[in-house]
Amino acid sequence: MSRFPSPTLADRIDDRIQELEDGFVRLGDEDTPFTLRGGGESVEEAQQLHDERDERERERDEESNEPVTRTVSTWRADMMGLDFPFVDTIPLDEQRSRANQVAELAVDEDVVDRIDRDVAFRSDTVRGKYWRGVGLIEIGTDRDDFPGFRSGVVLAHEVGHAFYDAWSPDSGVDDQPRLFRTTDETEQAVALSERLHGPMVETDGPFVDYRKGSDEELAAAVFASRIIEPTAAQRIAPDAVRRLEEVFGDLSEDLF
Ligand SMILES: [Zn+2]
């Protein structure tokens, strides 16, 4: 079993959640489309500018995640090359639909047996679980949480665990092959994990499965990014994504 906790309610890393001057709340020190929430007047201003754009350009822009800026004037100067958080980043419902699609494929291919949604976990920090050996995925997200802990990313992450399990059914036992073998692959995988879920911290308690940075956890994070935001995943982590595609691609022809 692997648990996927959200830091939102966890006292121990509360100092990682910062309230910024412009009304955004951020998990960690980096602006990413998955570790910000809230936002004030600048979001409204950017949204207004976005609404004035040609519809097709707007839609095309929302299909991929570009580097984010919280400064409206910077974004305005390069709307196609940059993103303003929650304005021209990939919308949450699109993230959910991409995750649902890969989850359906995983069920069709017998990599996942069942998916239960709206699960009320005993710990209110847990957002998802994958039950190894049973093929069960449980999802229970909170609408006030950071985007990296909402149903799209969490579902894609848990499906990533299921594919890892299918690839390496005995993982955890000594001498199992690692998915990420080189320093480049591993560092890039960590970068995607932190982009989606905030900085890795040394911890125990509900975070231990997820935060220890195991090969499997990194694979689940790279998989989630590759499914939810393929262009950004390939830009940020080319070697890690290539390796994941190579290995998981053997498990299903229709995956990538
Ligand atoms: Zn996980």
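Guide: Happy to. First a term we'll need: two strands pair if DSSP finds at least two bridges between them. And keep in mind that this is a predicted model.

Visitor: Then what makes strand 6 and strand 7 a pair?

Guide: Strand 6 and strand 7 are joined by 4 bridges in the antiparallel sense. The cut-off is at least two bridges, so they count as paired. One of the contacts to look for is Lys129, whose bridge partner in strand 7 is Glu138. The two strands form a hairpin with 4 residues between them, and Gly133 in that turn has a positive phi of about 90 degrees.

Visitor: Which strand pairs with strand 6 besides that, and over how many bridges?

Guide: Strand 1, residues 2-5, pairs with strand 6 over 4 bridges, again antiparallel. Ser2 stands opposite Tyr130 there.

Visitor: Why is strand 6 called largely enclosed?

Guide: Count its residues: 5 of the 6 are buried, so strand 6 is largely enclosed by the rest of the structure.

Visitor: What makes strand 2 and strand 4 edge strands?

Guide: Look at the open sheet, where 3 strands run in the order 2-3-4 with antiparallel pairing. Strand 2 (17-19) and strand 4 (36-38) each pair on one side only, and that is what puts them at the edge. Neighbouring strands in this sheet are turned by 25 degrees against each other on average, direction ignored.

Visitor: How do you know that strand 2 and strand 3 pair?

Guide: Strand 2 is joined to strand 3 (residues 24-27) by 3 bridges. With at least two needed, the pair qualifies, so we call them paired. Among the residues involved, Gln18 has Arg26 as its bridge partner in strand 3.

Visitor: Why is Phe86 called partly exposed?

Guide: Phe86 has 19 C-beta neighbours inside 10 Å. Phe86 lies in the loop between helix 3 (72-77) and helix 4, and has a positive phi of about 70 degrees although it is not a glycine.

Visitor: And is Asp110 buried or exposed?

Guide: Asp110 has 10 C-beta neighbours inside 10 Å, and 12 or fewer means exposed, so that's its label. Asp110 sits in the loop between helix 4 and strand 5 (114-116). Its phi is positive too, near 60 degrees, in a residue other than glycine.

Visitor: What do the buried residues of helix 6 pack against?

Guide: They pack against helix 5, helix 8, helix 9 and helix 10. The buried residues of helix 6 include Ala189, Val190 and Leu192.

Visitor: Which residues have the most contacts inside the largest nonpolar core?

Guide: That core has 48 residues, and Ala156, Val159, Ala189, Val222, Phe223 and Ala224 have the most contacts inside it. Helix 8 supplies the largest share, 9 residues. As for Ala156, the residues it touches include Ala99, Val102, Phe223 and Ile227, leaving aside residues up to four places away in sequence.

Key. Residues numbered from 1 in each chain as written. Predicted model: local features only at pLDDT ≥ 70, side-chain atom pairs only at ≥ 80, totals over all residues. Axes fitted to C-alpha atoms, helices over the stretch in contact; angles between N-to-C directions. Core = buried A, V, L, I, M, F, W, Y, C linked by C-beta atoms within 7 Å. Buried ≥ 20, exposed ≤ 12 C-beta atoms within 10 Å, placed from the backbone. Contact = placed C-beta atoms within 7 Å.
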